[in-house]
Amino acid sequence: MFVIATFESSIYIELAITALEEQGISKERILAAPLEKRKELRGLFDTIHQSDGFSLFDGPAILATCFMLLGTIYGYVLKWGPIIWGIIGAVSGLLLGFLIKMMILKKNKRGSKKISSEIVLMVRCEEQKWELVEKILWEHFALGMTKI
């Protein structure tokens with residue numbers, strides 16, 4: 001059976017490996033592999049086949065709708081009429097929304113979120129040692145775990 005767990009890069013992974021070795025699991029049955037972090041930034045635009053969680057159009061669409069509504073309402077009182085002011089409101093809301101979204105993305109350094117799981121630990125053990133291995137890994141702050 002294989003036990004696979006993920007850890008942050010810290011001293012706890014070393015302590016977990018040492019505790020496993022003290023319980024009779026040999027070094028040949030333990031594999032720790034670090035993950036490489038993403039180096040390039042995420043794209044600004046989503047495609048049909050790929051989405052990364054950043055939506056560039058949600059905020060601008062909401063602001064464009066609100067400004068269009070306000071432009072249409074107050075357009076009855078203003079000189080150019082509700083249609084022109086509705087279009088002006090929609091375009092200005094869209095531009096303002098894009099500006100705000102771009103400032104937020106630039107401030108948050110898009111795509112450079114801290115990746116929490118950095119090391120994958122694989123342990124090959126017998127079925128009866130599963131509970132012991134699980135207990136040791138959870139005590140040493142594993143982020144996630146599965147058995148195969």
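Leaving aside neighbours within four places in sequence, A64 is in contact (heavy atoms within 4.5 Å) with G89, A90, G93 and L94. A64 is found in helix α2, residues 58–75, where helices (H or I, at least four residues) and strands (E, at least two) are DSSP runs numbered from the N terminus. Its relative accessibility is 12%, so A64 counts as buried, a term that means under 20% relative accessible area, with exposed over 50% and partly exposed in between (1.4 Å probe, protein chains only). From C-alpha to C-alpha, A64 and I87 lie 9.2 Å apart in space, although 23 residues separate them in sequence.

This is a predicted model, in which local features need pLDDT of at least 70 and side-chain atom pairs count only at pLDDT 80 or more, while totals for chains, interfaces and linings use all residues. Residues are numbered from 1 along each chain as its sequence is written, and side-chain values use heavy atoms, with hydrogens and water left out.

In helix α4, residues 130–139, the buried residues are W130, V133, I136 and L137. Seen down the axis of α4, these residues fall within an arc of 135° (taken from the directions from the helix axis to the C-beta atoms), so they line one face of the helix. That buried set packs against β1 (2–7), α1 (11–22), β3 (119–124) and β4 (144–147), whereas the face of α4 turned away from the buried side carries the exposed residues E131 and K135. Just after α4, F141 takes a positive phi of about 65°.

As for cysteines, C125 counts as buried because its relative accessibility is 3%, and C66, at 38%, counts as partly exposed. The structure holds zero disulfides, a disulfide being a pair of cysteine sulfur atoms within 2.5 Å.
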